[in-house]
Amino acid sequence: MRVSCRRVLMGCAAVLSACCLAATAQAWEPSKPVQFYVPAGTGGGADQMARTIQAIVAKHNLMKQPIVVQNKGGGAGAEAFLEVKEKKGDAHLLLITLSSLFTTPLATGVPFRWSDITPVKMLALDEFVLWVNTESPWKSVAELVAAGKTQKLRMGGTGSRQEDHIITVAIGKATGAQFTYVPYKGGGEVAVQLVGGHIDTSVNNPIEAVSHWKAGKVRPLCVFDSKPMPYPEKITDTMSWADIPTCKSQGLDVEYLMLRGIFMPAGVTQEQVRYYIDLLDKVRATPEWKELMAQGAFNQTALEGAEFRAWLEREEERHRQLMAEAGFLAK
Amino acid sequence: MSELLALFHGFSIALEPTNLALMVAGIVLGVLIGVLPGLGGANGVAILLPLTFTLEPVSAIILLSCIYWGALFGGAITSILFNIPGEPWSVATTFDGYPMAQNGRAAEALTAAFTSSFIGAFVAILVITFVSPLVAGFALRFGPAEFFAVMFLAFASFIGLSSGSPFKTMASMMVGFLLAGVGLDTVTGELRGTFGSTELMRGFNFLVVVIGLFGISEILQSVEEGLTFRGREGRIDLKAVLRTWAEMIRHKAIIVRSALIGCWMGITPAGATPASFMSYGVARRLSRHGHEFGKGRIEGVIAPETAAHAAGTSALLPMLTLGIPGSPTAAVLLGGLIMWGLQPGPMLFVEQKDFVWGLIASMYLGNVVGLLIVLVAVPWFAAILRVPFPIIAAIIFVVCAIGAYTVNNAAFDIVLMLIFGVLGYVMKKLDYPLAPLVLALVLGDRTEQSFRQALLLSEGSFTIFFSNALVASIMLFGFVMLFWPVLSKLWARKEPSPA
């Protein structure tokens, strides 16, 4: 008790805010605003999730200090990763990640690995769905693959040497279909290009394509997950997310999910990590969060601690393999 | 007529007292955000986004879109008064707006800018209200080749505008392209030109460069010229507003043309910045007084402001109907829609009638309220120029530094801003035009990307740029603009005029 009291006093002296800390002297909690880095620009999926978390925390009063979201999208997120890596021991800094956690260091060679920072919690996994234009003749994966053997299919995706590109190469490897991959800046743009007929197919996330699906402009062929998505509410007149078959069941043996997880700098204490895990659990219990999950048809797997680390280890190795096969590794 | 009924219903939503109050608050905040270089509409909206979580979606979008309108208005203020564009699309406004202020016509320039912004926006809202089903699908026809053609047109209508040496223009533009290439290359996923530096990974942010090139270099130049701001004597009262309106009526052709260019660029969606440059270029090309542009012609303020605002407003159409953002701010608003539980895209107009029409009604009201607020404030804005230069210079310097820092929250950008300030000063002294550099920097990335995407799709064949009527006609129009000096000489034989 004496130690923690002294720590409290020191903390008070440092931040000149005795009032808020004195009440809960035992557990650690933030003593100043928490920076929340987004390794991408404003408006994308990661940014949106970070700002939703910020809003939920503020609305439900889950934390006494505010969260401040900052976009550090330079170099496909390398800017954010390197900055978090440098700020060892800073417990007032969170980072939301996507697949660029693996792909950016591998593709660009910037000196960073996920193990340079502290994994806090996996919040969800983002699904990928194989889409074609409704007016295209392809009604199933088999038909699309067959077409890909006689002609080069134009596949649009977000960025280069990133998740969409990796999936494209993996599909080609698994089936022998030929693709011309065209990188765009964002997933929304890709979906519109598909509707406009400028590309033949895409692997958009559900949230990027759902509105066009509802409007009957695009057709989902399969989802790159091991199980169908658990959302049985009808989206179109005849189909729900749950009705989309897995790619594996359609003879396309490729699985890919994108991490939406939270990290902290290295050198933080167990107590501090615990605090944020509890906070994120409270966020995940709110109706707003559940609505976001249903809207984007997210895979709601949430891991922490050793399980999360094992997952990261495995995924990093898988990305290394996929990217090495595709020739995407930095030389 | 169903649109009119829906619109009136929308007005009943937008006129609720809370929504009206949010509208005014949003406009005022937006103007402030637009005035501060660096903060910008996108950042401003992103910061406020989480605060709107507790509001009704329609109230939230009214607040945020009014910040957007306010920022569009506010961006012109610093461009005209201090030659510092607060937003990318107000760069073209500096070309004639700042000289006007220096000639003692700051109030006229501001009035012209605000009024033409308003008209541009209003035309765009009419387009959104009545022809949205027709034009919403237009953006679908735009693939990479079409985007490149539009960018080509923007460059072509602007190139050769500077009166100086063509070689200096080319050199300046090439520096712009070079700077635009730094950072992550979307097409290959590789880092370019960063020399291993983490700071350069972000690439050169347009605003940081512009704050330095325009703002800081202007201060350096004023210091050299003996710490004076020219044009302090200008008469500043509300009569200036009426005088300017009378003058603007004579330029109605330019206004209509610029509004159309803006709507088209917003819907495609190529964005407000290329729209403003293109519109300025075209106005100058087609004007009898083309050679006087850049010295303080009011048309040089009207054209870019009308187009920028028309584009900025109509950019909301592809955002709502297709889920593609036409501007960085629209991208943040798009994230907001999803946060509030709405799904942007073709079904929004069907499923969320109250939301969509409430928003459209708030656009009408927001722009009227915005115009009134900024016009009333014109004398005060213009009066800033009466503050002694040593004081105002110090304030501008600090605001510039804060602005440069805010863009990416990076102290390194302040250093960059200073370097570009010196570069801008040297370029002015050696008579190199700054505009081509800025144009290449702001559009270079997008242009290069569309060009390479198009060639990927065509597997290297250039015929893709002439593969359908749409892209071919834009390209052709681009070539006409490019070779205009030659063509206009052919015309000049019939009708002698100083081209």
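## Briefing on a predicted two-chain model

Val132(A) stands opposite Thr201(A), a residue of strand 8 of chain A. The model described here is predicted, and its chain A carries 12 helices and 10 strands, while chain B comes to 22 helices and two strands. The two chains touch, with 45 residues of chain A in contact with 43 residues of chain B.

**The sheet around strand 5 of chain A**

- Strand 5 of chain A is joined to strand 8 (residues 201-202) of chain A by two bridges, and this pair runs antiparallel.
- Strand 5, which covers residues 129-133 of chain A, also pairs with strand 9 of chain A, again in the antiparallel sense and over five bridges; within that pairing, Trp131(A) has Pro220(A) of strand 9 as its bridge partner.
- These strands belong to an open sheet of five strands in chain A, whose order is 7-6-8-5-9 and whose pairing is mixed.
- Strand 7 and strand 9 of chain A stand at the edges of this sheet with a single partner strand each, so one side of each has no neighbour in the sheet.
- Although strand 9 (residues 218-223) of chain A is an edge strand, five of its six residues are buried, so strand 9 is largely enclosed by the rest of the structure.

**Overall form of chain A**

- For the 331 residues of chain A, a compact globule would have a radius of gyration near 20 Å, and the value of 21 Å for chain A agrees with this.
- Taken along the principal axes, the C-alpha atoms of chain A fill a box of roughly 75 × 50 × 30 Å.
- Buried residues account for 51% of chain A, and, of the contacts between residues at least 6 apart in sequence, 74% join residues at least 24 apart.

**Overall form of chain B**

- Chain B has 499 residues, for which a compact globule would have a radius of gyration near 23 Å; chain B has 22 Å, which agrees.
- The C-alpha trace of chain B spans about 60 × 60 × 60 Å along its principal axes.
- In chain B, 60% of the residues count as buried, and residues 24 or more positions apart make up 79% of the contacts with a separation of 6 or more.

- Helix 17 (residues 353-383) of chain B has 31 residues and should span 45 Å at 1.5 Å a residue, which agrees with the 44 Å between its end C-alpha atoms.
- Helix 2 (residues 17-35) of chain B, with 19 residues, reaches 27 Å from its first C-alpha to its last, close to the expected 27 Å.
- The buried residues of helix 2 of chain B include Asn19(B), Leu22(B), Met23(B), Gly26(B), Ile27(B) and Leu29(B), and towards the end of the list Ile33(B), Gly34(B) and Val35(B).

**Where the chains meet**

- In the contact between 45 residues of chain A and 43 residues of chain B, the elements of chain A that each supply at least two residues to the side touching chain B include helix 3 (45-59), helix 4 (78-86), helix 5 (100-108) and strand 7 (179-184).
- Helix 3 of chain A gives the largest share of that side, namely eight residues.
- By class, the side of chain A that touches chain B comprises 14 nonpolar, 20 polar and 11 charged residues.

Technical notes. Residues numbered from 1 in each chain as written. Chains lettered and ligands numbered in written order. Predicted model: local features only at pLDDT ≥ 70, side-chain atom pairs only at ≥ 80, totals over all residues. Helix = DSSP H or I, 4+ residues; strand = E, 2+ residues; numbered from the N terminus. Rg over C-alpha atoms; globule rule 2.2 N^0.38 Å. Buried ≥ 20, exposed ≤ 12 C-beta atoms within 10 Å, placed from the backbone. Contact = placed C-beta atoms within 7 Å. Nonpolar A, V, L, I, M, F, W, Y, C, P; charged D, E, K, R; others polar. Expected span 1.5 Å × (residues − 1). Pairing = 2+ DSSP bridges.
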